Amino acid sequence: MIRDITIGQYYPADSLLHRLDPRVKLIGTIVYIASLFIFRSWGYLIGIVMLAGMIALSKVPFKFMVKGLKAVWVLLIFTMALNIFMTPGTAVWSWKFLKITEEGLSMAFKMGMRLVLLIIGASIMTLTTTPNKLTDAMESLFRPLKVIHVPVHEISMMMSIALRFIPILMEETDKIMKAQQARGADFETGSIFRRVKAMVPLLVPLFVSAFRRANDLAMAMEARCYHGGDGRTQMKPLRYATRDYLAYLFLLVYLGATIALRVIMHW
């Protein structure tokens, strides 16, 4: 399961999405996530079609994209179960204090679909954007906040590093688990509580490894005379191309269609 986490990873390929300006992809991800909260029922079909088109354009294998859901299946099941049993409405099944309602089933479907589409949609951005470009995009988009003395560059750098440390820490966790399994540790059998308890010995070596990596990164940045964003320039500054403006137009049409379907057709 640890190796199945795809958020934060970069998949090198020669595709249209890889060549798009990172600012377009960041704004596009925000627009897509916002649309998921606008949809009601049949509107999710539009979100699925949109996501399928982006996966096809990214040239990232569909199996690689979907396997990231294996790491959140517990959260997905827990979220759906809460909505099924805790939403009041017309009962379709009941037993003692447990009750399943039509409204609960509908809400569980929406929340489950929303969570799946949100995870895959966010993964597309990181799979098609390098850490440096993602940092440059966030710094460029948040630059107006410098007027009120917000450290935009530092915040963008921290967010990018944190995002990219996810797969690194997951890989480190996998190595520690294999090393402890070779010494007789058991992470696969027993109840869910026993498995969680077995994970506790992983925390100390994982924290030690994380702090060691953070220290190495800090020393590397100091060795390259990094002192924040003041006075720094970019070797490859971001510039919009024709395809980027067309992508913005497409996002505007998609968002407008989403709002229209919600208001007019109640989708």
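Buried here means under 20% relative accessible area, exposed means over 50%, and partly exposed is in between (1.4 Å probe, protein chains only). This is a predicted model, where local features need pLDDT of at least 70 and side-chain atom pairs count only at pLDDT 80 or more, while totals for chains, interfaces and linings use all residues. Residues are numbered from 1 along each chain as its sequence is written, and side-chain values use heavy atoms, with hydrogens and water left out.

Q: How many of the 15 residues of α2 are buried?
A: The helix covers residues 22–36. Among its buried residues are P22, V24, L26, Y32 and L36. Their cover includes α1 (16–19), α3 (43–58), α6 (102–127), α7 (131–141) and α11 (242–264). So α2 is largely enclosed by the rest of the structure, and its buried count is 11.

Q: Which residue lies over the face of Y240?
A: A charge sits over a ring if NZ of Lys or CZ of Arg is within 6 Å of the ring centre and within 35 degrees of the ring normal. Y240 is partly exposed, at 29% relative accessible area. The residue over its face, 4.0 Å from the ring centre, is R23.

Q: What is the angle between the planes of Y240 and Y245?
A: Rings of Phe, Tyr and Trp (its six-membered ring) pair if their centres lie within 6.5 Å; planes under 30 degrees apart are stacked, over 60 edge-to-face, and the rest tilted. That rule gives 6 aromatic pairs. Y240 and Y245 make a tilted one, with centres 5.6 Å apart and planes at 50°.

Q: Is S156 buried or exposed?
A: S156 sits in helix α8 (residues 152–182). Beyond neighbours within four places in sequence, its contacts (heavy atoms within 4.5 Å) are T135, M138, E139 and F142. Its relative accessibility is 1%, so S156 counts as buried.

Q: Is V253 buried or exposed?
A: V253 lies in α11. Because its relative accessible area is 53%, V253 is exposed.

Terms used. Helix = DSSP H or I, 4+ residues; strand = E, 2+ residues; numbered from the N terminus. Expected span 1.5 Å × (residues − 1).
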